[in-house]
Amino acid sequence: MNPVMQWMEKHFIPIAGRIGSQRHLVAVRDGFVAIMPLIIIGSFAVLINNLPIDFFQSFMVNTFGEGWKTLGGNIWDGSFAVLSLLVVAGISYNLAKSYDVDSLSAALLAVGCYIILTPTTEDWGLSYAWTGSQGLFVGVLTALVVTELFRLLYQSKFTIKMPEGVPSGVVKSFRALIPAAVILLLVSGLQMFIAALTDGSIHELVFTVIQQPLQALGNTLPAALTITFLNQLLWFFGLHGTNILGPVIDSIYLPLLEENISLFAQGTSAVDVPYIVTKPFLDAYVFMGGTGTTLALIAAIFLVSASKHYRTIGKLSAPAGIFNINEPVMFGLPVVLNPVMFIPFLTIPVLLTLTSYFAIVIGFVPKTVALVPWTTPPLISGYLVTGGSFAGVVLQLFNLTLATVLYIPFIKAAMRADKKNFHSKGEQTDAGSTKVS
């Protein structure tokens with residue numbers, strides 16, 4: 001174990017650390033994080049509109065009339081329907097901010113360029129088909145490329161300088177004028193070239209060539225197992241795996257979830273929607289209590305540990321763990337860089353990914369059709385993400401029980417190791433005292 005850990009610390013941690021702090025990946029992550037409130041509210045609107053409880057549906061119709069779902073539909077229009085536009089603005093803003101250039105101008109310009117690249121309907125309106133999740137790949141690329149071009153031109157000599165005394169807002173606007181004009185001309189020319197070449201748009205080209213294969217791969221069990229394992233491995237070495245892998249997870253799995261939600265909103269049952277592996281699949285069934293299913297680790301501590309240290313950490317960590325916040329147990333026990341915890345911490349979530357996947361494949365549990373806040377406690381989240389099915393709760397209970405049972409032997413081993421170290425230190429102290437006397 002020690003040679004492996006030494007190799008990982010020497011070769012893996014520095015690379016992972018650089019990846020986690022890479023400017024563009026951080027901007028992508030922060031851009032998705034910024035729009036999470038809208039996504040969560042939008043998914044709840046769809047969930048409420050289509051909650052499969054006859055009494056609830058009848059009550060809402062009798063109380064508010066047949067058009068009661070319009071309220072939730074309007075919320076969907078302002079969240080999922082324009083998901084890519086929101087992502088473009090968020091990523092561009094955060095990337096420009098990291099360069100200390102005019103972040104608001106960069107974000108507005110990126111959105112304008114994205115609209116140029118987006119097909120319109122017959123009445124000159126933007127097509128929801130590409131402003132939603134299907135346009136995410138083009139949206140992310142547009143935000144990154146446009147912002148980089150804007151930065152280069154904004155920091156060059158080819159800008160309009162205003163005299164002193166002019167309000168700062170006016171100074172920024174005129175300084176951004178030439179960079180914006182150049183970039184809009186380039187993007188417009190690109191759109192004309194693609195339209196002439198393919199008789200379509202960059203959205204259709206990218207979706208066919210890149211996004212569809214990646215999404216198909218993302219819905220597979222091997223992809224889910226790989227992402228789960230890498231997330232655990234990064235966290236074990238004290239690196240925030242969720243943040244490092246966030247751009248990949250969000251770019252691939254949010255469109256799959258959006259497709260499930262859209263079909264669910266149209267009347268398709270949660271069992272029949274197409275995609276199994278989504279972001280709430282991992283959050284609700286695998287990362288209960290946080291990365292490593294540490295809520296089960298806390299339960300195992302309470303069940304078998306007599307160590308005052310362990311039980312104290314368990315008591316302090318449990319309230320946060322219920323809401324999937326696990327830093328107290330990760331760094332207080334600790335789990336990070338703890339050789340005894342290496343095997344269960346990496347393998348238990350992988351095993352739970354398997355149990356959850358097959359529970360859905362055989363039809364015991366519906367697929368996920370809602371995005372709930374990652375702090376939603378287990379059991380509640382299992383009910384909500386499945387569109388109101390208690391089968392999701394049963395799966396969570398099974399996974400938590402299985403994880404707790406698997407953690408117990410390692411808790412006992414950790415206590416034995418601590419006890420052995422304590423006695424070893426005591427003997428050294430006694431020997432040192434004898435020698436002094």
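**Exercise 1. Determine what share of the 437 residues of the protein chain counts as buried, and describe the fold in outline.**

Solution. Of the 437 residues in the protein chain, 49% count as buried, where buried means under 20% relative accessible area, exposed over 50% and partly exposed in between, with a 1.4 Å probe and protein chains only. The model is predicted, so that local features need pLDDT of at least 70 and side-chain atom pairs count only at pLDDT 80 or more, while totals for chains, interfaces and linings use all residues. Residues are numbered from 1 along each chain as its sequence is written, and side-chain values use heavy atoms, with hydrogens and water left out. The protein chain has 20 helices and zero strands; these are DSSP runs numbered from the N terminus, helices being H or I with at least four residues and strands E with at least two. Among contacts in the protein chain with a separation of 6 or more, 73% come from residues 24 or more positions apart, contact meaning heavy atoms within 4.5 Å.

**Exercise 2. Describe how helix H2 packs against helix H5.**

Solution. Begin with the geometry: H2 and H5 (residues 83-99) pack at an angle of about 135 degrees, with their axes 8 Å apart. Axes are lines fitted to C-alpha atoms, for helices over the stretch in contact, and angles run from 0 to 180 degrees between N-to-C directions. H2 and H5 are therefore oblique to each other, since angles under 35 degrees count as roughly parallel, over 145 as roughly antiparallel, 65 to 115 as roughly perpendicular and the rest as oblique. Next comes the handedness: H2 passes H5 in a right-handed crossing, a crossing being right-handed if the near helix is turned clockwise from the far one by less than a right angle, and left-handed if anticlockwise. As for the residues involved, those of H2 include Ala27, Phe32 and Leu38, and those of H5 include Leu86, Gly90 and Tyr99. The residues of this contact of H2 with H5 divide into 12 nonpolar, five polar and two charged, where Ala, Val, Leu, Ile, Met, Phe, Trp, Tyr, Cys and Pro count as nonpolar, Asp, Glu, Lys and Arg as charged, and the others, Gly among them, as polar.

**Exercise 3. Carry out the analysis for H2 and H8, and then locate Phe32.**

Solution. Helix H2 (residues 23-49) and helix H8 (residues 136-154) pack at an angle of about 125 degrees, their axes lying 11 Å apart. That makes H2 oblique to H8, and the crossing of H2 and H8 is right-handed. On the H2 side His24, Val28 and Phe32 take part, and they meet Leu136, Val140, Leu144 and Glu148 in H8. The residues of the contact of H2 with H8 divide into five nonpolar, one polar and one charged. Phe32, placed in helix H2, counts as buried at 0% relative accessibility. Not counting residues up to four places away in sequence, Phe32 touches Val87, Leu136, Val140, Asp250, Ser251 and Leu254. Phe32 and Gly90 are 58 residues apart in sequence, yet 7.1 Å apart in space, C-alpha to C-alpha.

**Exercise 4. Work out whether Ala96 is buried or exposed, and what surrounds Ala96.**

Solution. Ala96 is found in helix H5, and with a relative accessible area of 0% Ala96 is buried. Leaving aside neighbours within four places in sequence, Ala96 is in contact with Val101, Asp102, Ser103, Ala106 and Thr147. Ala96 and Arg151 are 7.2 Å apart in space, C-alpha to C-alpha, and 55 residues apart in sequence.
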